[in-house]
Amino acid sequence: MDKQRDRKQEIRDELKEISPFLYKMKEKDSPFKVPDHYFNNFSNQVLEQLKQETAESPQKKDIWNLNFIVQAFQDQLALLFQSRLVIGLASVVILAVAAWILYPSGPDQTAVDNLSFASLSVEEIQNYIDDNLETFDEETFKELAHENSNISLLPAEVVGAEEIDQYLDQMIEEMDAEDLEELF
Amino acid sequence: MRPSFVEISDEKILSLIQRKQSAEKGFRLLMEKYQERLYHHIRKMVLDHDDTNDVLQNCFIKVFKSIQRFEGKSKLYTWLYRIATNEAITFINKKKRKGTDSINEAEGLLANTLKADQYFDGDEIQVQLQVALKRLPEKQRIVFNLRYFEEMSYKDISQVLNTSVGGLKASYHHAVKKIENHFREVQI
């Protein structure tokens, strides 16, 4: 508590030194008012909203469903890169990475991946992508695409070129007017 | 007697959230502990109460969805401020794109909007402070708000904004000087 008081005093001293005018203004109460009892019910509102979202969104899906992985990444990439070309390129990378996850080189690795990846929910993966989208960069995807360009890693029965095309077409169709507007 | 939520430590709240059977209780306590601080932080950025309400709700929903990944590398409260700040910036940018951003309005209009706002109860000096803040670059405005109003240490602000302490000090000093200049111009 003393530490907190010291910090506040230090901040006020700093302000007093660089701007006595603003230091004096600080004594005024905040002009921003809040409706009466606003905070009494706020947490209930948020929890209610979360429950509704949970009820509406599908629960845990089979994480090994390749279609789901591709869809989740494409949804995010559509917003990030906003270019069909890059989305296509990134999709190849994602499919290659998904193939690596599905068909790793050693059995021990499979066990580890099953433990860590299969326990994630759809929402958790979506959130991860949301939160880390800024850390993905186009160059990395291009490099990965180059390094993992051997599509034969993917067995034909899992996904084919036609399926990828369908995904891309479907994604473009599903983009709303606002998304399209942002593209150009 | 139920202990005040303010007295409950962040560690206790996090441990409640991490257990499935107490997650809702923990999250409720987290909101009750931080809702007012985050509300006022967001409000100073977006200005309007209804907009603040929307952003704050989105902020806590995002917190709820990602708190399992909070690794404790930073303080919980700086992590919350970071999310709140990002949500507010996203909201402001969306409004700018739609051309409905009050903070981007002409200065005179902003002053009139504030004066007409039933939830703004400031005098002319406080209105002009908001006008001066609106003139600042976004980052300087946020640094000023966190230092001046929230009385946050530079170290904590650096965790919120992921910026060096040296850069923050410079931003704060620049912001203070610009605000002073504004008041000289309007002669209050």
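How many residues does the contact take from chain A, and how many from chain B?

1. The contact takes 26 residues from chain A and 30 residues from chain B, where two residues are in contact if their C-beta atoms, placed from the backbone, lie within 7 Å. On the side of chain A that touches chain B, the elements giving two or more residues are helix 1 (2–18), helix 2 (20–25), helix 3 (42–56) and helix 7 (122–132) of chain A, and helix 3 of chain A gives the most, with 7 residues. The residues of that side divide into 14 nonpolar, 6 polar and 6 charged; here Ala, Val, Leu, Ile, Met, Phe, Trp, Tyr, Cys and Pro count as nonpolar, Asp, Glu, Lys and Arg as charged, and the others, Gly among them, as polar.

2. This is a predicted model, in which local features need pLDDT of at least 70 and side-chain atom pairs count only at pLDDT 80 or more, while totals for chains, interfaces and linings use all residues. Residues are numbered from 1 along each chain as its sequence is written, and chains are lettered from A and ligands numbered from 1 in the order in which they are written. The predictor gives the complex an ipTM of 0.84 and a pTM of 0.65. Chain B averages a pLDDT of 91, and 93% of its residues score at least 70; pLDDT is the predictor's confidence in each residue, from 0 to 100.

3. Chain A has 10 helices and 0 strands, and chain B has 9 helices and 0 strands; helices (H or I, at least four residues) and strands (E, at least two) are DSSP runs, numbered from the N terminus. Buried residues make up 10% of the 184 residues in chain A and 34% of the 188 residues in chain B. A residue is buried if 20 or more other C-beta atoms lie within 10 Å of its own, exposed if 12 or fewer, and partly exposed in between, with C-beta atoms placed from the backbone. Among contacts between residues at least 6 apart in sequence, 75% in chain A join residues at least 24 apart; in chain B, residues 24 or more positions apart account for 57% of the contacts with a separation of 6 or more.

4. Helix 4 of chain B (residues 76–98) has 23 residues and should span 33 Å at 1.5 Å a residue, which agrees with its end C-alpha atoms being 33 Å apart; the expected span is 1.5 Å times one less than the number of residues. Its buried residues include B:W79, B:L80, B:Y81 and B:F91, and the buried residues of this helix pack against helix 2 (23–46), helix 3 (49–66), helix 7 (138–149) and helix 8 (154–161) of chain B. Helix 4 of chain B is followed by B:G99, whose phi is positive, near 75°.

5. Helix 8 of chain B and helix 9 (residues 165–186) of chain B pack at an angle of about 100°, with their axes 9 Å apart. That makes helix 8 of chain B roughly perpendicular to helix 9 of chain B. Axes are lines fitted to C-alpha atoms, for helices over the stretch in contact, and angles run from 0 to 180 degrees between N-to-C directions; 65 to 115 degrees counts as roughly perpendicular, under 35 as roughly parallel, over 145 as roughly antiparallel and the rest as oblique. B:Y154, B:K155, B:I157 and B:S158 in helix 8 of chain B meet B:V165, B:L168 and B:K169 in helix 9 of chain B.

6. B:S164 lies in the loop between helix 8 and helix 9 of chain B, and B:S164 is exposed because it has 11 other C-beta atoms within 10 Å.
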